[in-house]
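Please look over the sequence and the model, and then work through the questions about packing that follow.

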Amino acid sequence: MSVKSLSHLLNHGKTYLCVLFMQFTYSIMSIMAKYAFTRGLSPHVLVAYRMVVATILIAPFAFVLERKTRPKMTLALFLKIALLSFFEPTISQNLYYSGMKYTTAAFTTAMCNILPAITFLMACIFGLEKVNIKRVHSQAKILGTIFAAGGAMTMTLLKGPILEFPWKPLRILHYQSQNVTHKEDHTKGSLMIIAGCFCWSCFIILQAFLLRSYPAELSLAALICMISSIEGTILAFVVERGNTAVWSLQFDAKLLTIVYGGFVSCTAYFIMGWLMKKRGPVFVSSFNPLGTVITAILGSLFLAEQLYVGRIVGAIVIVIGLYMVLWGRSKDQQPSKSYSNHMAQSDQQMASINRDIDIENTST
């Protein structure tokens, strides 16, 4: 094997390891969050504290490692990052975890597989994706979106018999979770999760544009964590007004969930930015079903969560729709060329504006 081939293999290996690492950390976080909710942790407080911890963990690395390569901050750029942070994690995570309180960790993770379909629809609306109904690849994207929506409805409305796992749940966590009464409402939870996925799609589209004008992934992740910690804290105070007890912390599962969540956030935002530049959003999205499987197994083992056959069918339909959309986007080359040309023209216009500004400043 040549040195070039070995280097190519190692580079691809790193991307696969990173995306697998993300799915495992996300799955563990879902289980820990669901358990912490049964112990009284507020989803809104979790998001606020989580982003504070993430800021503390990532800010020093961003400040030191990218101090010479970080682009100059402007007011317009700061406002864009603030809007990006508002969609995710502030609104998206609040809706995601609020929806989880009304459902289960496995159900929530499976519902999030509709994310690529929502992103595709939004990309069509904003002109980032072109659809030609005569092309097979465009037809696959349309049918995949319909499948994803149908699978989400199936998961929400259809139960069926309970699916039995060959292993027994750990009785300690199962017994403790039974001590907190909580009424499930899959319809309400599903609407919250879908709304959260919509906000996450807005984040993905805005991030794709923002990374071109602010290519410092580590600094961007730190700014997202810092700004969202402020936004999330304000939102939590508004939602939990008059209930100061939810902010108290002890050395228990709730504190562990917050600290681990901060670690997941700061690493995930950096890895996502790096992966999007290396392999694109299609590559990242294609591994979402792995997180669903991991969460279902861990949820049944540690939280004694029950899975219904109807919801398994709905999840499978969503995954089929997901891969139809991903296949169509990967094979349909014309939209990506159009988008690349559009972004190249935007870069040329931005460079021209910057040169004019520099000339004007020099002359004055």
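**Core and helix packing**

Q: With which residues is L46 in contact, leaving aside its neighbours within four places in sequence?
A: This is a predicted model, in which local features need pLDDT of at least 70, side-chain atom pairs count only at pLDDT 80 or more, and totals for chains, interfaces and linings use all residues. Residues are numbered from 1 along each chain as its sequence is written, and side-chain values use heavy atoms, with hydrogens and water left out. Taking contact as heavy atoms within 4.5 Å, the partners of L46 are M29, A33, F37, L41, Y97, T257 and I258.

Q: Which residues have the most contacts inside the largest nonpolar core?
A: A nonpolar core is a set of buried (under 20% relative accessible area, 1.4 Å probe, protein chains only) Ala, Val, Leu, Ile, Met, Phe, Trp, Tyr and Cys residues joined through side-chain atoms within 4.5 Å. The largest such core has 68 residues, and those with the most contacts inside it are L46, I81, Y97 and F203.

Q: Which helix gives the largest share of this core?
A: Helices are DSSP runs (H or I, at least four residues), numbered from the N terminus. The largest share of the core, 10 residues, comes from residues 186-213, which form helix α8.

Q: How are α8 and α10 oriented to each other?
A: Their axes, lines fitted to C-alpha atoms over the stretch in contact, with angles from 0 to 180 degrees between N-to-C directions, come within 11 Å and cross at roughly 60 degrees. Angles under 35 degrees count as roughly parallel, over 145 as roughly antiparallel, 65 to 115 as roughly perpendicular and the rest as oblique, so α8 and α10 are oblique.

How values were computed: Buried means under 20% relative accessible area, exposed over 50%, partly exposed in between (1.4 Å probe, protein chains only). Helices (H or I, at least four residues) and strands (E, at least two) are DSSP runs, numbered from the N terminus.
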